[in-house]
Amino acid sequence: MRNLSVLAISGSGVYVPSQTINNEELVASFNTYVHRYNSEHEAEIAAGTCKALLESSSEFIVKASGIKNRYVLDKEGILDPDVMCPRIPERPDSELSVMAEMAVAAAREALATAEKKPSDIDAVICSCAVQQRAYPAMAIEVQGALGITGFAFDMSVGCASATYAVHIARGLIETGGARAVLVVNPEVLTGHANFRERDSHFLFGDACTAYIVERAETARGSNVWEIVSTKLKAQFSNNIRNNFGFLNRCAPEGIGKPDKLFVQQGRKVFKEVLPLVGHFIVDHLAENNLTASDVKRMWLHQANINMNLFLAHKVLGRDPTPDEAPNVIDQYANTSSAGAIIAFNKHSADLKSGDVGLLCTFGAGYSAGSVILKKM
C-alpha cells in the first residue's frame, strides 16, 4: 500500500492546435515584410536616419534556438505579411473561451491517463505565462466545463508557472484543502509574439498541458511519479518583459508599442539565468542527498536548445545524452510553462520504478521552479 504522506503526479496530458508552421514558411513571410520595409524606407536608410532590417533564415533559426516547427492557432494571420499576427476572433461570453477549450482538451487526457473522473478532483489551477483575460478566472471556466466541484484559481509566474503550480498543489493536498488537484497550462504565445522582430519572430508556439497531483495512495495510473521535493526561486529582472495590460488604455501614447509584446534582452538572459538555475538545481539535489549522477532524466524548460544543453552540462559536469535531457523544442518551439511538461509527457513512461527525474522550468521574473520526482 502506498504511503498516505507521499504525493504524486499521476497523469498528464498535452493539447496542440492542428495547424503548424515550419521555419521555411515563417522565413518567407518575414523576409517579404523586410523587403517591403526596406523599400518603403529606402531614402531614410540611405540617409542614415533609419536602419535597414535584416533577413531571417531557417539556418539562423535552428542555430539560435533549435526550433524547426511550431503549432499555432492561426497560421494564415501569422504568415500574412500585412498582418503577421494570429487572428483569433472573439467568442460570445456564452461559448467556451479559447484558452479554456485548450485546457479542457489537455485535462481530459490527463484525467484519462491518471484513471480519474472529474468527481475525483477538488481544485483546478490555471497556471501559465499569459492569461486571456483578467476575470473571471480561466480556471473556474475550465472547472465548470469539466463538471468539477470545489474551487479554482489562476496564477502566473511566466515560464516557471507549471512547476510553481506543483508546489502550490502539493500544499493544498498536504493541508487537507483538496484530495486531488488538476493543473492546466494553456499558452497562446503567438498572441504576444512579435513576428516583425528578427531575434524572436521564430520563438513561440501554442500548446496546453495538464497534470494531476494527488496522494500516491489513491494514484492508479500506469505512469505515476512521487513528488520527492519542490523548490522555488525568484530574483527580479527586466530582461524578459511584456507590458500589455488593462492599464494600457490609461496611457494611449503607449498603445501598440513593441513593449506590449514579448521583449527580451537575450544575451543578458543567457548570461544571468543559466548560472542562477544551474546552482539552484544542484543545491536542490544536495538538499535531498542526491547528486546529478542519481538523476536519470531532466525535463527542462523548452526555451532554447542551447540554453538546455548548457544547463544540463552545468548540472552533469559533461554533455548530456539526448536520453538524459530530451528536447521537444524542435517540433513545438517555445511554449513557455507547457514546454517542460510536454517533454515529461513524451519522455517519462519508459523509465523504471525507483528512477529519479528532475522537472525544471525558468524564465521571466527571473523565476525558477524545480521538482524532484521518483518513478513509482
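The exercises below use a predicted model.

**Exercise 1. Where does Asn 248 lie, and is Asn 248 buried or exposed?**

Solution. 
- Step 1: find the flanking elements. Strand E9 covers 240-241 and strand E10 covers 263-264; Asn 248 sits in the loop between them.
- Step 2: compare the accessibility with the cut-off. Buried means under 20% relative accessible area. Asn 248 has 14% relative accessibility, so Asn 248 counts as buried.
- Step 3: look at the polar atoms. The side chain of Asn 248 has a polar atom 3.2 Å from the backbone oxygen of Asn 243. The side chain of Asn 248 also reaches the backbone nitrogen of Gly 245, at 3.0 Å.
- Step 4: list the contacts, leaving aside neighbours within four places in sequence. Asn 248 is in contact with Asn 243, Ile 255 and Lys 260.

**Exercise 2. Describe the protein chain as a whole.**

Solution. 
- Step 1: count the elements. The chain has eleven helices and 13 strands.
- Step 2: compare the radius of gyration with the globule rule. The radius of gyration is 21 Å, close to the 21 Å that the rule gives for 376 residues, so the chain is as compact as a globular protein of that length.
- Step 3: Along the principal axes, the C-alpha atoms fill a box of roughly 75 × 55 × 35 Å.
- Step 4: state the burial and the surface. Of the 376 residues, 52% count as buried. The accessible surface comes to about 16,800 Å², and 53% of this belongs to carbon and sulfur atoms.
- Step 5: consider sequence separation. Among contacts between residues at least 6 apart in sequence, 78% join residues at least 24 apart.

**Exercise 3. Which element holds Cys 360, and what does Cys 360 touch?**

Solution. 
- Step 1: Cys 360 belongs to strand E12, residues 356-363.
- Step 2: classify the residue. The relative accessible area of Cys 360 is 0%, so this residue is buried.
- Step 3: list the contacts, not counting residues up to four places away in sequence. Cys 360 touches Thr 163, Val 277, Ile 281, Trp 299, Leu 300, His 301, Ala 340, Gly 369 and Ser 370.
- Step 4: take one partner and check the distance. Ile 281 is 79 residues from Cys 360 along the chain, and their C-alpha atoms are separated by 8.0 Å.

**Exercise 4. What is the phi of Glu 115, and what is that of Ser 336?**

Solution. 
- Step 1: recall the background. Most residues other than glycine have a negative phi.
- Step 2: read the angles. Glu 115 has a positive phi, near 60°. Ser 336 has a positive phi of about 50°.
- Step 3: Glu 115 is in the loop between helix H5 (98-114) and E4. Ser 336 is in the loop between helix H10 (329-332) and H11.
- Step 4: classify both. Glu 115 has a relative accessible area of 45% and is partly exposed, whereas Ser 336, with 2%, is buried.

Definitions and conventions
Residues numbered from 1 in each chain as written. Predicted model: local features only at pLDDT ≥ 70, side-chain atom pairs only at ≥ 80, totals over all residues. Heavy atoms only, no water. Helix = DSSP H or I, 4+ residues; strand = E, 2+ residues; numbered from the N terminus. Buried < 20%, exposed > 50% of the residue type's maximum accessible area, 1.4 Å probe, protein only. Polar contact = N/O pair within 3.5 Å; in protein donor to acceptor, adjacent residues only side chain to side chain. Contact = heavy atoms within 4.5 Å. Rg over C-alpha atoms; globule rule 2.2 N^0.38 Å. Areas by Shrake-Rupley, 256 points an atom, 1.4 Å probe, with all protein chains shown as cover.
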